[in-house]
Amino acid sequence: MIFIIGIFVYLSFNNVLSKLRSIEIIDDVNIALLEMRKAEKNYFLYRDANALKELAKLGEERYEIIQVSKSYVVPILNKSGRKNYDRLLDILKEYLSLANNAIKTKEVPRDFEAKLRTMGQDLTSVSELLLKQERENVSRTINNNVLMLITSLGVILVIQLILWQYFFSLIIQELTVMERMIKMVSEGRFHEVAVKPILPHNEIEIAIKAISDMARKLEKREDDILQAGKLASLGVLISGVAHELGNPLNNISLMAQTYLSVYDMLGDEEKKNFMGDIYNQTERIRKIVENLLDFSRQKKQELQECDLKEIVRVSLSLVANHLKLAKVKQHVAIPENLPPVQVDASQIEQVLVNLFINAIQAMPEGGDLDVNGSYDPQSANLILEIRDTGIGIQKDYLPNIFDPFFTTKSTKGTGLGLSVSYGIIRQHHGDISVESEEGQGTRFIIKLPAMKK
Amino acid sequence: MDQTQEENMSPDKLRIMVLDDEPIVCKRLKPALEKLGYEVDTFTQSPEAMHQIQQTSYDIIITDLKMKEIDGMQFLTEAKKRHPGTEVIVITGFATMETAKQSFQKGVFDFIAKPFKLSEIQEVVNRAAAKIRGPAA
Ligand SMILES: Nc1ncnc2c1ncn2[C@@H]1O[C@H](COP(=O)(O)OP(=O)(O)OP(=O)(O)O)[C@@H](O)[C@H]1O
Ligand SMILES: [Mg+2]
């Protein structure tokens, strides 16, 4: 833009310069013609042949000058200027032929003087007109140029402002994106931090990329830590497992020893009881081992677009019998049009079944099980709330209930249900938390990110 | 075996408390020890057992180490405080055996690892009984 204006200024400056040059020439012509008219006056004063010859000679010279300058001046002049210039030549030619004729014939026609004078006057007036016009032209051109310059500067200013405004708003948008990304990172929602920059190829893109990279690395780190945490707790876990397995093993051992020593004295019914007890103990071991595998295994998730309502329905159907036996009434309130989630449905079902069974076990006298679903547009999370009216959790137990092997159910629980559930929800980039009031009931809240469209 | 016979004859039977939150352990230990001529009370709830030792004294206490409400160590300390003459036998999982031995240098008659043999526990109980009766005999 500036470049174009520069060229324009340069061209019009050149134009003005050459016009000034033509004015100079026309001015010269003007002066030369005035000189010639002095000779004309001389002739009128003395009326002799010499003066006439002098005049013709000067005129001849002037004609030469004007003829030669024509090629230079004509391209610069405008149409009326060119016409006037040609007229100047025509009149001068006629003027000269008039004079030369008089010299040749040595005879002065009657109206010679008057004709010569009129033509001479014409010559000066045309050449003065030419000069005046050119002067006006130049000043007009300069005025135009100045106006043009001012206008284009104004236009440049306005365009600049608009561009600034645009870039500014883009930059603010980018910064907002960055702010959102940083917030996601700080909240540990690493997987969501894959955002395309609005303006490609600039410093902000680099920054946004860096944040994305950081988020990805942090996510990987968190997985590592989770896995390392599992390994670290493996020591605790192994002694826990040993103890957990030790009890049923010991029981089986005791049953078998007794059975062998008193076999002869046992009736069929008693023998059946013994075997039943032994079988129950092996079941206990099976459950521990199963849960343990769930806990340690980094199972490949099979993520699919799922409807949370459907997952809840399936999970409830899995525990329908337990609910009936325990006289627990279920109340499900989940809106139809919730956004879908990207999850491994069987894993989420496992979580819900764990929570439902815990709730049922907390309500030995029966009660209510509420399952409420909702969507929080601000965090883009689906929220599932599972509430029971059971015995609640003692305050000082609350920090421990997600720990592996933490149970208050002695031989009836492995204490792995909630720790497995916690692992699953975290793997889904969600969150699970608990609120409880002893004697009133317990509320588990699960947050899962809604699927991005 | 001779000793067993003697004790069976004895009018003042030794009293044993068994405390383990596994009901099967209680159920199986009780007859196995009664057969040897001891009077046996079993508990699966440690608070109840705690309550009981405030009322009466036992010659021998057999307790599990890891229990829900009150853990074995706490129980043992309390029992010893009340009746220093009581002999305590600790049952523990094999994994915690070493730690258990380290933390109870004093005061514990013996350790038995789960899973245990009934004969093993009978043998340890008899040794404890012999120690109790020892000076008198
Ligand atoms: N809805 C609930 N109401 C009251 N207490 C609960 C509830 N859910 C969990 N708890 C407490 O948290 C503990 C740990 O639960 P978790 O599901 O991990 O193990 P568990 O239920 O004891 O054993 P398992 O799940 O193997 O049957 C429970 O023992 C119980 O004390
Ligand atoms: Mg559970």
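Helix H9 of chain A makes the greatest contribution to the shell around ligand 1, supplying three residues. This is a predicted model in which local features require pLDDT of at least 70 and side-chain atom pairs count only at pLDDT 80 or more, whereas totals for chains, interfaces and linings use all residues. Residues are numbered from 1 along each chain as its sequence is written, chains are lettered from A and ligands numbered from 1 in the order in which they are written, and side-chain values use heavy atoms, with hydrogens and water left out.

The ligand 1 shell comprises 20 residues, the closest being A:Thr407, A:Thr408, A:Lys409, A:Thr414 and A:Leu418; a residue is counted here if one of its heavy atoms lies within 4 Å of the molecule. Polar side-chain atoms of chain A also approach the ligand, as pairs of N or O atoms within 3.5 Å. An oxygen atom of ligand 1 lies 2.5 Å from a polar side-chain atom of A:Lys409, and an oxygen atom of the ligand is 2.8 Å from a side-chain N or O atom of A:Asn358. A nitrogen atom of ligand 1 is placed 3.3 Å from a side-chain N or O atom of A:Thr442. Two or more shell residues come from each of helix H9 (345-361), helix H10 (417-427) and strand E7 (441-449) of chain A; helices (H or I, at least four residues) and strands (E, at least two) are DSSP runs numbered from the N terminus.

Elsewhere in chain A, A:Glu40 belongs to helix H1 (residues 2-46). A:Glu40 is buried, at a relative accessible area of 2%, where buried denotes under 20%, exposed over 50% and partly exposed the range in between (1.4 Å probe, protein chains only). With residues up to four places away in sequence excluded, A:Glu40 touches A:Leu55, A:Tyr95, A:Leu116, A:Arg117 and A:Gly120, a contact being heavy atoms within 4.5 Å.

Chain B contains six helices and five strands, arranged along the sequence as α-β-α-β-α-β-α-β-α-β-α. Buried residues make up 49% of the 137 residues of chain B. Among chain B contacts between residues at least 6 apart in sequence, 64% link residues at least 24 apart. The accessible surface of chain B amounts to about 6900 Å², and carbon and sulfur atoms account for 52% of this area.

Note on methods:
Areas by Shrake-Rupley, 256 points an atom, 1.4 Å probe, with all protein chains shown as cover. Polar contact = N/O pair within 3.5 Å; in protein donor to acceptor, adjacent residues only side chain to side chain.
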